[in-house]
Amino acid sequence: MATKINILPPQEAIKIAAGEVIERQAHVVKELIENSLDAGATAISLYFNDTGKALIRIVDNGAGMSKEDAHNCFLPHATSKIKSLDDLTSIGSFGFRGEALASIAAISSITLITKEEGTPSDTLGYKIVYCEGTVLEESAVACPSGTDIQIHNLFFNTPVRKKFLKNDDTEWNAIMAIVNAMSLAHHSVSFKVFRDNKMILNAPTVTSQKDRIAQIIDLNLTQNLIPLPPIALPAILEKQNFFLTGFISHPNVGRYNKSHFYFFVNHRWIKNNELGKAVLKGYDNALPPQRYPVVCLFIDIDQQHIDVNVHPKKEEIRFTNTGLVGTAVATAVKNALESLAGPAIQEPVTPIQSFTQTPRYTAPIPQIFSPTSEIYPTRPVSPKPNFNTLINTIVQEQTVITPKQVQPEFSITGQLYNTYIVLQDETGITIIDQHAAHERVVYERKKQSFEKVETFPLLFPETVTLEQEQIKALEKTKKFFSDQGIMFEKISDRELLVHAAPPAIKGPTLTELFCEAAHFMQEFEHMDPSLFTLKYNEYVLGQIACKTAIKAGDPLTSEQMHQLVNDLFSVDNRFRCVHGRPTIWTIPKATLEKQFRR
Ligand code: ADP
Ligand code: MG
C-alpha cells in the first residue's frame, strides 16, 4: 500500500526540533544565560518555580532589544550574532545559533519585557507574550533597560519529554551546575538565584576568579586553592595558541565526587573525560582514597583544533591533540602541588555562610584520638591467638612469599608508630596496618550481621545541618541507617535530629557520614535500583566501618593487638581494606638475610 507523505506544519516541526535540543530545564537556563552575557549584562538574576517547570525567569541589565528585535527574536534562525555561515566557525559557536528562543517559545509560553540600553529613563520598554508561534499580547510598559524573560509551563505541549524528566533534585542539580559554571567563567558579572522565592545563591561581582570559586563552591576554600603555574608546552600546542590557567584544591580538602570539576574551553563550559583523568593523574597519590579535588581549568586554544560536534548539544568537545593536552594538564597540576610549601590550612568544621545561603560541606578535621577502650572494646579473647590459621592463610594467599615451612609460633613484636602491628615468626616479619585491618573486620562483621549493632541512645540528640536535597535523599534510606544503629528524624528542611548512633560516630563524623551517603545517592541514582541498593549498602557500610575502626595513631594494648590479629584472620577479604588498601605486608626472613648478606 502506498504511503502518503505528510508535510508537518512549521510549528510542529520546530516543536520536534526543540524537543531534541531542549531535554531539560538546565538546557533552557544555559541558552538564556548565554544570551544575557552576549548582551553584555553585568547583573543576572534567575527565578525558578517548581524547579523551572512552572517558571524560569531571567532578568538582566544588558543591551536590551528594540520593539522590532523583540518580535523577531522568536523566529527560527533569528540571530543578531551571525550573518552568514562563514561567521559560524569564527565566533566559536558552542550553542545552536539563532534557534534558542524560537525553540523554547515552541514548547512554552514566554513573556518578554525589554528596553534598549541608553534610551532615556522615561521611555517605555516593550512587552510581548508569545505562545506556540503566536503573539498573544503586546504593549508598551515602564521597565528598566535590559531584558526580562519569563518562560512559563515549559514542555506543556511535549508531554513525552516532560515525562522523561528526572526527579526534581536531579534537574535542580543540573540547573545549578550550569549556573555555577557560567558564573565561574564570568566573575565580573553578578549572579543571583531564587528557588520558589527563596534566595539560593548571591554572588556579587568580584575581582578575581579565585574569589568567584570561593563564592560559588565554598567560601572556606580560598586558602586552599592553588593556582596552576605556567608550564613549558610542546611546539604543537604552542602553535595552536594553547593557554592553560585555573585553580585546583589542596589534596587535604577532597570532595566525595567529581561534581566540582569545571572545565572551560575558550570561555565555554565543556565536559571532557580526558581532562578529568589528566587532573587525577596530576594528583597522583596525593588524594586520600575516594576523594576528588575541586578543579577549575580554563583552556584557550585556536578554535579549529577542537571538535565541538561530538555531542548533539555540544556539551562535550574533543581536542585534535588530546594526548598532549592531557599531559599539559597533568603536568600543570603536578607542578602546582609540588609548589606547595607546608601543610594545608585546615578548613573549619562549620562552614562559614556568607555569599551563599546553602550550607556547603567541607572536609572535617580528622578526629582526635579517643581512648582505646572506647574504640576497641575488649571482648573475652583467647590468650594465644590461633597463629596456625594465620600463617596458613598467608602462605596460601600471599604469592610473594617463598615456599616455607609453616611455623606455629608467631609472636607480636609490638606496635610501630602507633599505626602498624608487627608480628614475627621463624619465616619472616608480618606488618599489619591496624586501621585498614580493623576496617575490614568491622565491615565483614556488619555485612554478615555477625555483630549486634552497637548503638546508644544519645543523651543529647545531635542536630545535623545539611542541604535540603541531601536531607530528602537521606530520608529515603532511614530504615537502612536504623539497621546500622543510626536513628534520626527530619526536623526541618535542612536539619536532621540524630537520637542514636554507634559511639564512634558523632559530631563532625556523623555529618560527614550523612554527606557521603547523600553524595553517593545523588551520583548513582540512575543505576538499576537493585544494583543501586546493593552498592549503596556496601558503600555506607564501608564508610561506617572506616569511621568506627581504630585509627592510625591509636596506641593499642597487647591484648587488643592479639584480638585484632585474630579477628582479621577470621574474616573474608582480609588482605585489603574496604577501600582497597592492603592490610598485611609480609617480609620473608630470607629477604632480610639476603639484604644483610648473612
Ligand atoms: P542567538 O543567541 O544564537 O543569536 P537566540 O535564539 O538565543 O539566538 O536569540 C536570538 C536573538 O535574540 C539574539 O541574537 C539577540 O539579538 C536577541 N536576544 C536574546 N536574548 C537577549 C537578551 N537577554 N538581551 C538582548 N538580546 C537578546
Ligand atoms: Mg542564544
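1. Which residue's side chain does K547 meet in a salt bridge, at what N to O distance? The partner is E516, at 3.0 Å; a salt bridge is a side-chain nitrogen of Lys or Arg within 4 Å of a carboxyl oxygen of Asp or Glu. K547 lies in helix α18 (residues 529-548) and E516 in helix α17 (residues 508-524), so the pair ties together parts that are 31 residues apart in sequence. Helices (H or I, at least four residues) and strands (E, at least two) are DSSP runs, numbered from the N terminus. Both K547 and E516 are buried, where buried means under 20% relative accessible area, exposed over 50%, and partly exposed in between (1.4 Å probe, protein chains only). A network of salt bridges links R291, E512, E516 and K547.

2. On the basis of this note: this is a predicted model, in which local features need pLDDT of at least 70 and side-chain atom pairs count only at pLDDT 80 or more, while totals for chains, interfaces and linings use all residues. Residues are numbered from 1 along each chain as its sequence is written, chains are lettered from A and ligands numbered from 1 in the order in which they are written, and side-chain values use heavy atoms, with hydrogens and water left out.

3. On the chain as a whole: the secondary structure comes to 20 helices and 22 strands. Of the 598 residues in the chain, 49% are buried. The chain exposes about 29000 Å², of which carbon and sulfur atoms supply 55%; accessible areas come from the Shrake-Rupley method with a 1.4 Å probe, and for residues only the protein chains shown count as cover. Among contacts (heavy atoms within 4.5 Å) between residues at least 6 apart in sequence, 70% join residues at least 24 apart.

4. On the five-stranded sheet: an open sheet with mixed pairing has its strands in the order β9-β10-β13-β11-β12, and two strands pair if DSSP finds at least two bridges between them. Its edge strands, each pairing on one side only, are β9 (225-227) and β12 (268-270). On average, neighbouring strands of this sheet are turned by 20 degrees against each other, direction ignored. Three bridges join β9 to strand β10 (residues 243-249) in the antiparallel sense, and I226 has I248 of β10 as its bridge partner.

5. On the helices against this sheet: helix α10 (residues 273-283) lies across β10, β11 (261-265), β12 and β13 (295-300), and runs at about 120 degrees to β11. Helix α11 (residues 322-338) packs on the sheet and touches β9, β10 and β13, its direction making about 45 degrees with that of β10. For these angles, axes are lines fitted to C-alpha atoms, for helices over the stretch in contact, and angles run from 0 to 180 degrees between N-to-C directions.

6. One joins the side chains of E34 and R268 (2.8 Å, N to O). E34 lies in helix α2 (residues 25-38) and R268 in strand β12, so this pair ties together parts that are 234 residues apart in sequence. E34 is buried at 7% relative accessibility, and R268 is buried at 16%. Another salt bridge joins K277 and E274 (3.8 Å, N to O); these two are three residues apart in helix α10 and are therefore separated by about one helical turn. K277 is exposed, with a relative accessible area of 54%, whereas E274 is partly exposed at 38%.

7. On strand β3 (residues 109-115): seven of its seven residues are buried. In a regular strand the side chains alternate between the two faces of the sheet. In β3, S109, T111, I113 and K115 point one way, and I110, L112 and T114 the other way. Strand β4 (residues 125-131) pairs with β3 in the antiparallel sense over six bridges, with Y130 as the bridge partner of I110. Strand β6 (residues 146-152) also pairs with β3 in the antiparallel sense, over seven bridges, and D148 is the bridge partner of I113.

8. On backbone angles: most residues other than glycine have a negative phi, and most peptide bonds are trans. F155, although not a glycine, has a positive phi of about 70 degrees. F155 is placed in the loop between β6 and α6 (159-163) and is buried, with a relative accessible area of 1%. D196, also not a glycine, has a positive phi of about 45 degrees. D196 lies in the loop between β7 (190-195) and β8 (198-203) and is partly exposed at 42% relative accessibility.
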